[in-house]
Structures are given as C-alpha cells and as structure tokens.
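I opened this structure for a first look and kept notes as I went. Each entry covers one thing I looked up.

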Amino acid sequence: ELESALERFHIHVDRYPTNEEGLKVLVEPPSGEEKKWRGPYIKLLRPDPWGNPYQYRSPGIHGSLTFDLWSRGADGADGGEEEAADIGNWQV
C-alpha cells in the first residue's frame with residue numbers, strides 16, 4: 001500500500017518525497033506544492049506490525065532511481081535475523 005502511494009505521489013508531484021518529508025507527505029501536502037499534490041494518498045500512516053514506524057530513504061540504496069521502504073522487523077533495529085530481520089521493498 002505504501003509503495004503504491006509513493007508511486008502515485010511521484011506521478012503527481014514529479015518526484016519522490018525527500019528524506020526530510022518522509023512518508024508524512026502521503027497524508028499532508030508538501031509545502032509549496034499543494035497544487036500538484038492530489039492526496040491524501042493513504043488514509044492514515046500506520047506503524048509496522050510491531051508498532052514501529054516504517055523507514056523511508058530516497059534515493060534508495062537498493063533502488064537508486066527510486067526509494068527504499070522497509071520495516072526494521074520485530075526488534076525495531078536495522079539488520080537482524082528471522083523475526084528481527086528487516087523487510088524491505090527490494091526483497092520482492
């Protein structure tokens with residue numbers, strides 16, 4: 001859902017959100033670009049299944065022309081194994 005919302009934002013605003021804007025621009029328009037923004041792109045910015053915020057980076061390390069979107073897993077820290085492993089959009 002978040003990945004699709006980011007793609008719709010890109011189509012309308014002609015860029016991905018900056019790291020500073022983060023995922024918040026999916027529910028609130030970025031300053032100065034209210035006319036291009038056609039959101040909200042999601043109803044509510046929910047946490048991951050473990051109650052932690054989703055992580056976002058653009059340009060991405062795994063997708064240098066797009067973005068990285070990930071959950072830090074059960075431990076809430078980068079890296080980890082099994083339930084604590086990161087889950088990202090580059091792992092599809």
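**Entry 1: Asp 68.** I began with the side chain of Asp 68, which reaches the backbone nitrogen of Ile 61 at 2.7 Å. The model is a predicted one, so I read every distance as a property of the prediction. Asp 68 sits in strand 2. Is Asp 68 buried or exposed? I found a relative accessible area of 1%. Buried means under 20%, so Asp 68 is buried. Next I listed what Asp 68 touches, leaving out residues up to four places away in sequence. The list includes Gln 55, Tyr 56, Arg 57, Gly 60 and Ile 61. His 62, Gly 63, Asn 89 and Trp 90 are also on it. I then checked Arg 57 against Asp 68: they are eleven residues apart in sequence, and their C-alpha atoms are 5.2 Å apart.

**Entry 2: Ser 71.** I stayed in strand 2, where Ser 71 is found. Its relative accessibility is 2%, so I noted Ser 71 as buried. A polar atom of the Ser 71 side chain lies 3.1 Å from the backbone nitrogen of Gly 73. Which residues does Ser 71 touch, not counting those up to four places away in sequence? I wrote down Asp 48, Trp 50, Tyr 54, Asp 86 and Ile 87.

**Entry 3: helix 1.** I turned to helix 1, residues 2-13. I tested its length. Twelve residues at 1.5 Å a residue should span 16 Å, and the end C-alpha atoms are 16 Å apart, which agrees. I then looked for buried residues in helix 1 and found Leu 2, Ala 5, Leu 6, Phe 9 and Val 13. Looking down the axis of helix 1, I saw these buried residues fall within an arc of 100°, so they line one face of the helix. What do the buried residues of helix 1 pack against? They pack against strand 1 (55-57) and strand 2 (68-71).

**Entry 4: positive phi.** Helix 1 is followed by Asp 14. I noted that phi of Asp 14 is near 70°, a positive value in a residue other than glycine. Asp 14 belongs to the loop between helix 1 and strand 1. Its relative accessibility is 64%, so Asp 14 counts as exposed. I found a positive phi at Glu 82 too, near 50°, again in a residue other than glycine. Glu 82 lies in the loop between strand 2 and strand 3. With a relative accessible area of 78%, Glu 82 is exposed.

**Entry 5: cis peptide bonds.** I looked up omega next. Gly 39 and Pro 40 are joined by a cis peptide bond, with omega about 10°. Pro 40 is placed in the loop between helix 1 and strand 1. Ser 58 and Pro 59 are also joined by a cis peptide bond, with omega about 0°. I placed Pro 59 in the loop between strand 1 and strand 2.

**Entry 6: the largest pocket.** I ended with the largest pocket, which holds about 260 Å³ of space. Its lining has 16 residues, and the closest to the centre are Glu 1, Leu 2, Glu 3, Tyr 54 and Leu 69. Which elements each supply at least two residues of this lining? I found helix 1, strand 2 and strand 3 (87-88). The largest share, three residues, comes from strand 2.

How values were computed:
Residues numbered from 1 in each chain as written. Predicted model: local features only at pLDDT ≥ 70, side-chain atom pairs only at ≥ 80, totals over all residues. Heavy atoms only, no water. Helix = DSSP H or I, 4+ residues; strand = E, 2+ residues; numbered from the N terminus. Expected span 1.5 Å × (residues − 1). Buried < 20%, exposed > 50% of the residue type's maximum accessible area, 1.4 Å probe, protein only. Arc of directions from axis to C-beta. Contact = heavy atoms within 4.5 Å. Polar contact = N/O pair within 3.5 Å; in protein donor to acceptor, adjacent residues only side chain to side chain. 1 Å grid on protein atoms, 1.4 Å probe; cavity = no way out; pocket = protein on both sides within 12 Å on 5 of 7 lines; lining within 4 Å. Points joined across faces, edges and corners; volume = space filled by probe spheres on them.
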